[in-house]
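Biologist: Could you walk me through this structure? I would like to begin with the core.

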Amino acid sequence: MKDLFAQEHAAGEKSLDQSILELFRDKQGGVVSGEELSNCLGVSRTAVWKHIKTLKSIGYRIAAVPSQGYRLVSSPDILVPAEISAGLVTRRIGHRLICFRETESTNMVAFRLAEEGAEEGTVVVAEAQHHGKGRMGRRWESPPGVNLYCSLILCPPVFPMQAAQLTFLSAVAVARAIAETTPLQPEIKWPNDVLVGGRKVAGLLNEMSAETEKINFIVLGIGININMKQDQFPDDLRHPATSLALEAGRDISRLEVTRALLTALDDFYDAYLAHGYNPIREEWLSRCTMNGREVRVTFQNSEQEGMVMGIDEDGALLIRLHNGRVERVLAGDVTIL
Ligand code: BTN
């Protein structure tokens, strides 16, 4: 039998494991008889038993109640389609979910799938990446079982020069998901770092296939440090990093963060298609603590100081310099003074 990771979730299609888990959930901790399971699923009792054994092997605690049946005691916090899709109601995002125990990079997988014609909204998730990609050719630390690494395929009907808007969309969705599932207050730092307590907690890497006038697809890559411990961070990080668990002082449910993220991405993308970039820009500004503050921007060998006035249509940071001129900053490192 294929394991829960290998099973894709496509809207309307349920795997046997997913159906078993749904029957358990319907009983809310009550006993489901072997006969009921085998009748509902249309398989033999031996097949039911084998599936239960596999579910137990990946962390589901299922108790056998003598001469009555089985009872689901607890579910593991694992990122498999059957768990992520439970209770997930979205318009476009995550109707197709593909989960891996380990992969090279979810961005690479999603990019290949998109080239092969995978539909918009397809989501690729991995428990670990052995070639996690960060920005500027850097590596993204991706140890197993503690964080979220996911990539999502979108085909927005906008020009390639507007693609940066989608990175802002990822940033506001990540910030909303963190605010909804933890006691923490995330902030966004231009262009698209999500910070908690001044430290980076998530990274966003968008990759695009486009022609001159048309985007074929964009892969939104999102990594959130959820339950990573201090000793799992490499020493050579350029910017201070943290995880949700380190900031909250307790482990955080990866499944809850993942569902909240997919829901937020779906909501913001829906608003983007209906009303354009403005709803995202407004949300971004409300979460960006550097708005209205004095900052220094360094890029290569140049340095500029001024007050942040917001971001424009293309995602450029608007800075009012000391001479009163408003400068559009397209790249650089920003420090609040
Ligand atoms: C950054 O450098 O800040 C961006 C990091 C992006 C990491 C995510 S993890 C999921 C997706 N797959 C990758 O290989 N990278 C992105």
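Biologist: How many residues does the largest nonpolar core have?

Modeller: In this predicted model, the largest nonpolar core has 64 residues, and Ile224, Leu244 and Leu261 have the most contacts inside it. Such a core is a set of buried Ala, Val, Leu, Ile, Met, Phe, Trp, Tyr and Cys residues joined through side-chain atoms within 4.5 Å, where buried means under 20% relative accessible area with a 1.4 Å probe, protein chains only.

Biologist: Which residues is leucine 244 in contact with, leaving aside its neighbours within four places in sequence?

Modeller: Among them are Ile178, Leu184, Val196, Ile224 and Val257; contact means heavy atoms within 4.5 Å. Apart from this core lies another, of 18 residues, including Leu21 and Ile58.

Biologist: Changing topic, in what order do the five strands of the open sheet come?

Modeller: The order is 15-14-13-12-16, with antiparallel pairing. Strands are DSSP runs of E of at least two residues, numbered from the N terminus, and two of them pair if DSSP finds at least two bridges between them.

Biologist: Why is one side of strand 15 and of strand 16 left without a neighbour in the sheet?

Modeller: Strand 15 (326-329) and strand 16 (333-336) stand at the edges, each with a single partner strand, so one side of each has no neighbour there.

Biologist: What are the ground rules?

Modeller: Local features need pLDDT of at least 70 and side-chain atom pairs 80 or more, while totals for chains, interfaces and linings use all residues. Residues are numbered from 1 along each chain as its sequence is written, and side-chain values use heavy atoms, leaving out hydrogens and water.

How values were computed
Buried < 20%, exposed > 50% of the residue type's maximum accessible area, 1.4 Å probe, protein only. Helix = DSSP H or I, 4+ residues; strand = E, 2+ residues; numbered from the N terminus.
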